[in-house]
Amino acid sequence: MEFQINKNIMSMGSLEVITGSMFSGKSEELIRRVKRAIIAKQKVFVFKPKIDNRYSNTDVVSHNGETIEGYAVENSEEILEILKDEKDVNLVAIDEVQFFDEGIIDVVEELVDKGIRVAMSGLDLDFRGEPFDITAKLLAKSEFITKLQAVCMKCGKPATRSQRIVNGKPASIDSEIIQIGEKESYEPRCRRCHEVGKKK
């Protein structure tokens, strides 16, 4: 009996999550995957949350200056709105996924169920060292996980935490969870060197 390849299996979508601390190269890795897909002549769409306008209002930009053109969206539903009339989409890439609303989980599931490869990057832990709920749920649902590390700015060991600094001191534990910032506000730290300030 001749073996038949199930076309439905071949067209199955997948979810891959790139995670780690700030300055670990998450966006850079996402951009690398997008560029490879473009070289392979695949149909690609790139999204990021509008709240993240540190380097560009629309493009996804890594800390080392790598750039890829994309869409900045207000919420997760906008992703489906932009894609609704598109056919044969191969890859949907999403940067800074931790800043999206809870609906991003259903959006991703819908895309994967349609046979689309979804790749995303995002912080796994907030400045307190606690899991970002959105990222944690997506990690649990993903087929592929890449966890990257930065270099601790205090001791030089592998960094897994994002240290928030306010006026040269660790941010207090009751500070806002979401706060967009760069090297003036954050630095990578290892578990031992990571600090969280007391309540205000």
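Q: Why does Ser-76 count as buried?
A: Ser-76 has 2% relative accessibility, and buried means under 20% relative accessible area (exposed is over 50%, partly exposed in between; 1.4 Å probe, protein chains only). Ser-76 is therefore buried. This is a predicted model, in which local features need pLDDT of at least 70, side-chain atom pairs count only at pLDDT 80 or more, and totals for chains, interfaces and linings use all residues. Residues are numbered from 1 along each chain as its sequence is written, and side-chain values use heavy atoms, with hydrogens and water left out.

Q: Where is Ser-76 placed, and which residues does it touch beyond four places in sequence?
A: Ser-76 is in the loop between E5 and H3; helices (H or I, at least four residues) and strands (E, at least two) are DSSP runs, numbered from the N terminus. Not counting residues up to four places away in sequence, Ser-76 touches Phe-100, Asp-101, Gly-103, Ile-104 and Val-107, where contact means heavy atoms within 4.5 Å.

Q: What makes Lys-41 count as exposed?
A: Lys-41 is at 76% relative accessibility, so it counts as exposed. Lys-41 is found in the loop between H2 and E2 and has a positive phi of about 60 degrees, although it is not a glycine. Phe-23, also not a glycine, has a positive phi of about 65 degrees; Phe-23 is found in the loop between E1 and H2.

Q: Why is Ala-37 called buried, and which residues is it in contact with?
A: Ala-37, found in helix H2, has a relative accessible area of 3%, so it is buried. Leaving aside neighbours within four places in sequence, Ala-37 is in contact with Gln-42, Val-44 and Leu-91. The C-alpha atoms of Ala-37 and Asn-90 are separated by 8.4 Å, although these residues are 53 apart along the chain.

Q: How do you know that E2 is largely enclosed by the rest of the structure?
A: Six of the six residues of E2 are buried, which means that E2 is largely enclosed. Val-44, Val-46 and Lys-48 point one way from E2, and Phe-45, Phe-47 and Pro-49 the other way.

Q: What makes E2 and E6 a pair?
A: Two strands pair if DSSP finds at least two bridges between them. Four bridges join E2 (residues 44-49) to E6 (residues 91-94), and the two strands run parallel, so they meet the criterion. Phe-45 stands opposite Val-92 in E6, and the bridge partner of Phe-47 in E6 is Ile-94. E2 also pairs with E5 in the parallel sense, over three bridges, with Phe-47 opposite Tyr-71 in E5.

Q: Why are E5 and E8 called edge strands?
A: The open sheet of six strands has the order E5-E2-E6-E7-E1-E8, with parallel pairing. Strand E5 (71-73) and strand E8 (144-148) each pair on one side only. The twist averages 20 degrees from one strand to the next.

Q: Which helices lie across or pack on the sheet?
A: Helix H2 (residues 26-39) lies across E1, E2, E6, E7 and E8, running at about 165 degrees to E7. H4 packs on the sheet, touching E1, E6 and E7, and its direction makes about 155 degrees with that of E7. Such angles run from 0 to 180 degrees between N-to-C directions, with axes fitted to C-alpha atoms, for helices over the stretch in contact.
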